[in-house]
Amino acid sequence: MLYTHIRKDERILIEFLFNVQKKSISEIAKITNRNKSTISREIKRNSNECYESMSAQIKRNKRQWHKHSMYLLKYEEFTNIFIKKYDKRYFGIENTYKFIKDNYKDKLKIPSLRQVFNWVKLDRWEIKRSDRLRQYYKRGDKRTSGIFSKFNNKLVLPIWVRPKKLI
C-alpha cells in the first residue's frame with residue numbers, strides 16, 4: 001500500500017471521530033483506512049488537549065513551507081560567497097555558480113545549478129527574481145528567416161545556394 005499524506009477532509013473526519021464520538025485510535029484507523037501509527041502520529045503532532053482539524057492543517061502548511069528554509073541552512077556558506085560575488089551587470093547567476101564550483105569545490109557543499117535557479121525563481125533565497133539580469137528567458141525561438149538573408153532591405157540567396165551559371 002502506497003503512503004499518501006492525510007488530506008484536509010480526513011483531518012475533519014478524525015476530529016469528529018476522536019473528539020465527538022470518542023473513538024479509539026484503532027477504530028479511527030479502520031474507518032479512515034489508515035495505519036494506527038499514522039493516526040496516532042497525526043493526533044500527537046497536532047493536538048494539545050483536543051484535536052482540531054483547522055489548526056492541524058495550518059501546522060501542516062507551516063511545516064511544508066519551513067522544510068525548504070531548513071534545506072537552505074545546509075548551504076549557508078555557499079549563499080554568503082554567492083552574494084559577495086554576484087553582480088548582475090558583470091557576473092550572472094551561471095557564471096557566479098561556475099566560479100564558486102571551480103574555486104571552492106573541496107571547501108564547501110555546493111547545490112546543483114538547477115537548485116540555485118529554483119531558489120531564485122521561488123523567491124526563497126537571498127537573491128530574488130527581480131535581482132536577475134533578465135526577469136524571464138526566451139527558450140527555443142522559432143527561426144523564421146530560412147536561407148534568405150537581407151541586403152539593402154532585399155532578400156538575397158547566399159552564395160552557396162546560387163546557381164553556378166550566374167557566378
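Predicted model: local features only at pLDDT ≥ 70, side-chain atom pairs only at ≥ 80, totals over all residues.
**Charged surface**

Four basic residues gather on the surface: R41, R45, K59 and R63. Together they make a patch of positive charge. Two helices supply at least two patch residues each, namely α3 (36-46) and α4 (53-73). R45 sits in α3. Its relative accessible area is 46%, so R45 is partly exposed. The cut-off matters here, because exposed means over 50% and buried means under 20%.

**Nonpolar surface**

Helix α1 gives the most to the nonpolar patch, with three residues. V20 is found in α1. At 57% relative accessibility, V20 counts as exposed.

**Two loop residues with positive phi**

K22 lies in the loop between α1 (8-20) and α2 (25-32). Its phi is near 55°, a positive value in a residue other than glycine. K22 is exposed, at 64% relative accessibility.

N33 lies in the loop between α2 and α3. Its phi is positive too, at about 60°, although N33 is not a glycine. N33 is exposed, with a relative accessible area of 57%.

**Buried side of α5**

Helix α5 spans residues 76-85. Within α5, the residues F78, T79, I81 and F82 are buried. What covers them? Part of the cover comes from α6 (93-103) and α7 (113-121).

T96 is placed in helix α6. Its relative accessibility is 0%, so T96 counts as buried. Leaving out residues up to four places away in sequence, T96 touches F82, K85, Y86 and F91.

**Accessibility at a glance**

The table collects the single residues discussed above.

| Residue | Relative accessible area | Class |
|---|---|---|
| R45 | 46% | partly exposed |
| K22 | 64% | exposed |
| N33 | 57% | exposed |
| V20 | 57% | exposed |
| T96 | 0% | buried |

**Summary**

The positive patch draws on α3 and α4. The nonpolar patch draws most on α1. K22 and N33 have positive phi values. The buried residues of α5 have α6 and α7 among their cover.

How values were computed:
Residues numbered from 1 in each chain as written. Heavy atoms only, no water. Patch = residues over 30% accessible without salt bridge, like charges linked within 9 Å, V, L, I, M, F, W, Y side chains within 5 Å. Areas by Shrake-Rupley, 256 points an atom, 1.4 Å probe, with all protein chains shown as cover. Salt bridge = Lys/Arg side-chain N within 4 Å of Asp/Glu carboxyl O. Lys, Arg positive; Asp, Glu negative; His and termini not counted. Charge placed at Lys NZ, Arg CZ, Asp CG, Glu CD. Helix = DSSP H or I, 4+ residues; strand = E, 2+ residues; numbered from the N terminus. Buried < 20%, exposed > 50% of the residue type's maximum accessible area, 1.4 Å probe, protein only. Contact = heavy atoms within 4.5 Å.
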